[in-house]
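Here is a short briefing on a two-chain model. Please look over the sequence and the coordinates before reading on.

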Amino acid sequence: MSNPFADIVWARIDGPAKSWLDRAWPSAEEAQTSVRFRASFAGVTRRLRGVEVTGDDIASLTDAGVIGAADWRIDRVARVALLSQVLVAVSFEEHAAFVRQVYLRGDYKEQAAVLASLSFLPGPERYLDLAIDACRTNVLDVFEGIACDNAYPAAHFPEANFNQMVLKAIFMEVSVGRVAGLAQRATAELSRMATDFGDERRAAGRSVPDDVALIVGLDAA
Amino acid sequence: MKMFDHHIHMTSRTTTDYQNMADAGIVAIIEPAFWLGQPRTHVGSFEDYFLSLVGWERFRARQFGIHHFCTIGLNPKETNNPDVADGVMELLPIYLEKESCVGVGEIGFDDQTPEETRLFEAQMQLAVDFDLPVLIHTPHRDKKAGTIRTIDLVKASGIEPGRVLIDHNNEETLAATLDSGCWAGHSIYPHTKMDEGRMAALVQQYGTERITINSAADWGVSDPLKVPKTVTAMREAGISEGDIKTVVWDNPVAFFGQSGRLDLGDDGGRPSIDQSQLWEGNSVLRGQEAVIEPAE
Ligand SMILES: [Zn+2]
């Protein structure tokens with residue numbers, strides 16, 4: 001089965017990067033050990049250093065449903081490709097546990113790549129706990145991985161978790177304009193939370209981020 | 001002057017240390033995996049420690065405009081713990097692949113036991129397999145003999161000596177380390193190891209080739225500002241600005257640059273600081289105004 005992420009990576013690499021991926025690429029028949037896979041997943045950035053994605057690739061990623069594809073680098077594309085591929089030989093019931101281990105043991109770029117891949121894996125609703133847990137991170141890169149340009153939260157989060165994520169984005173000064181599907185998920189409750197936050201900031205003599213008005217405005221619209 | 005402290009255990013330090021280090025001119029650091037003062041009883045504790053070295057600590061450093069890298073290895077003391085040693089060895093290949101891991105280390109001898117020798121050799125082989133430079137700790141007790149044994153083991157490993165940095169040198173070990181072709185690190189430490197004035201004298205005697213300094217600051221009595229303080233001592237001793245820069249910047253960059261992973265940004269300068277990346281109670285910034293500076 002063709003996978004747009006894998007197609008891009010294989011088309012762009014040659015030389016040592018290709019021989020590395022030939023060795024690292026998970027077999028469709030025999031499940032790779034978690035340890036072996038995690039080493040490959042970690043090694044992607046440096047093994048594929050210097051490989052560039054093209055304008056055509058960005059168009060293909062966009063067609064495949066990637067939001068903000070222009071920001072994707074080869075390491076992100078390759079990690080989504082590897083994760084999709086390794087799961088082919090992992091039994092369906094064990095997917096969530098496997099992906100969770102890869103996520104927990106990743107550095108922040110790896111974690112962000114796992115989060116970006118969730119919508120593209122089979123049975124994405126099974127990753128809800130992982131995605132909600134990711135919102136608790138203290139590391140900006142990881143938080144952006146789930147909250148920004150990612151269709152997953154709007155598609156799967158319950159209202160309370162979605163609202164918490166949006167509010168946390170304001171706290172972290174991550175533009176809520178980058179939260180995919182925000183307009184569709186805006187509710188009176190989210191508007192109330194944003195309003196309360198604005199009041200709290202004013203009471204403390206602090207400035208109110210512009211995104212507060214943006215969220216309140218969404219509910220009115 | 002831009003400075004590189006290539007051996008410091010920031011996990012044990014505070015944000016005040018980070019701020020003072022940045023103010024004193026430290027732009028990049030390496031945090032070698034080491035022993036935490038108290039023995040670990042589970043392999044999983046090592047894994048979480050390695051994860052913090054490639055994740056959280058890196059993020060913390062960046063908020064003060066400091067590039068953070070690490071070296072990964074099983075420290076000499078804990079090679080003697082059969083409950084964890086082999087389990088940790090199995091984890092190393094994953095963490096040696098991490099983008100911010102620029103070497104194997106710190107490894108070497110502590111009590112110079114057979115187990116230490118076995119896993120020191122095994123980790124030298126990992127360095128060859130992963131094409132990474134090595135940071136080697138030398139023992140506090142029986143130091144001179146331990147350093148000679150270290151050099152013999154390095155030679156037997158087949159690794160190119162120019163890819164090995166033997167650390168914690170003093171007046172008694174430096175000549176042998178330099179003769180071996182390895183790089184020679186010096187940990188400037190209160191009371192023990194090496195002090196600022198002695199270090200300046202060593203640079204005057206031996207020159208700057210393959211010589212580096214670091215603070216080795218950790219959870220004990222130590223000082224994360226020893227690199228800038230030694231810069232001052234070298235200046236007072238009349239050592240030229242060019243030579244000082246070689247010791248505190250060019251040399252560690254050249255040595256760890258051999259990993260191919262020492263990404264210091266396009267201009268090799270300070271990373272941009274954005275403390276607004278922090279928030280609320282979890283933040284390392286608790287209620288102060290955020291500092292936002294562009295990259296230099
Ligand atoms: Zn150390």
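Chain A has 221 residues and a radius of gyration of 19 Å; a compact globule of that length would be near 17 Å, so the two agree. The model is predicted. Chain A has 14 helices and 0 strands, while chain B has 11 helices and 10 strands. The radius of gyration of chain B is 18 Å, close to the 19 Å that the globule rule gives for 296 residues, so chain B is as compact as a globular protein of that length.

**Chain A: fold and extent**

- The pattern along the sequence is α-α-α-α-α-α-α-α-α-α-α-α-α-α.
- Along the principal axes, the C-alpha atoms of chain A fill a box of roughly 60 × 35 × 30 Å.
- Buried residues account for 50% of the 221 residues in chain A.
- Take the contacts in chain A between residues at least 6 apart in sequence: 70% of them join residues at least 24 apart.

**Chain A: surface and charge**

- The accessible surface of chain A is about 9,800 Å², and 51% of it belongs to carbon and sulfur atoms.
- Chain A carries 23 positive and 30 negative side chains. The centres of these two sets lie 7 Å apart.

**Chain A: one exposed loop residue**

- Glu30(A) sits in the loop between helix H2 (15–24) and helix H3 (34–47).
- The relative accessibility of Glu30(A) is 62%, over the 50% cut-off, so Glu30(A) counts as exposed.
- Glu30(A) and Val86(A) are 56 residues apart in sequence. From C-alpha to C-alpha, they are 9.3 Å apart in space.

- The C-alpha trace of chain B spans about 55 × 50 × 35 Å along its principal axes.
- In chain B, 61% of the 296 residues count as buried.
- For contacts in chain B between residues at least 6 apart in sequence, 73% join residues at least 24 apart.

**Chain B: surface and charge**

- Chain B exposes about 10,900 Å², with 50% of that supplied by carbon and sulfur atoms.
- There are 25 positive and 45 negative side chains in chain B. The centres of the two sets lie 2 Å apart.

**Chain B: backbone points to check**

- The peptide bond from Gly105(B) to Glu106(B) is cis, with omega near -10 degrees. Glu106(B) belongs to strand E4 (residues 101–108).
- Asp142(B) is not a glycine, yet its phi is positive, at about 55 degrees. Asp142(B) is found in the loop between strand E5 (134–137) and helix H7 (143–157). With 51% relative accessibility against a cut-off of over 50%, Asp142(B) counts as exposed.
- Ala216(B) also has a positive phi, near 50 degrees, in a residue other than glycine. Ala216(B) lies in the loop between strand E8 (211–214) and helix H10 (226–236). Its relative accessible area is 3%, under the 20% cut-off, so Ala216(B) is buried.

**Interface between chains A and B**

- How many residues of each chain are in contact across the interface? 25 residues of chain A are in contact with 24 residues of chain B.
- Together the chains bury about 2,200 Å², and carbon and sulfur atoms account for 50% of it.
- On the chain A side, Arg46(A), Tyr108(A) and Asn138(A) lose the most area to chain B. These three together make up 27% of what that side buries.

Key
Residues are numbered from 1 along each chain as its sequence is written. Chains are lettered from A and ligands numbered from 1 in the order in which they are written. This is a predicted model: local features need pLDDT of at least 70, side-chain atom pairs count only at pLDDT 80 or more; totals for chains, interfaces and linings use all residues. Side-chain values use heavy atoms; hydrogens and water are left out. Helices (H or I, at least four residues) and strands (E, at least two) are DSSP runs, numbered from the N terminus. The radius of gyration is taken over C-alpha atoms; the globule rule is 2.2 Å times the number of residues to the power 0.38. Buried means under 20% relative accessible area, exposed over 50%, partly exposed in between (1.4 Å probe, protein chains only). Contact means heavy atoms within 4.5 Å. Accessible areas come from the Shrake-Rupley method with a 1.4 Å probe; for residues, only the protein chains shown count as cover. Lys and Arg count as positive and Asp and Glu as negative; His and the chain ends are not counted. The place of a charge is taken as NZ of Lys, CZ of Arg, CG of Asp or CD of Glu. Buried area is the accessible area (1.4 Å probe) that two parts lose on being put together, summed over both.
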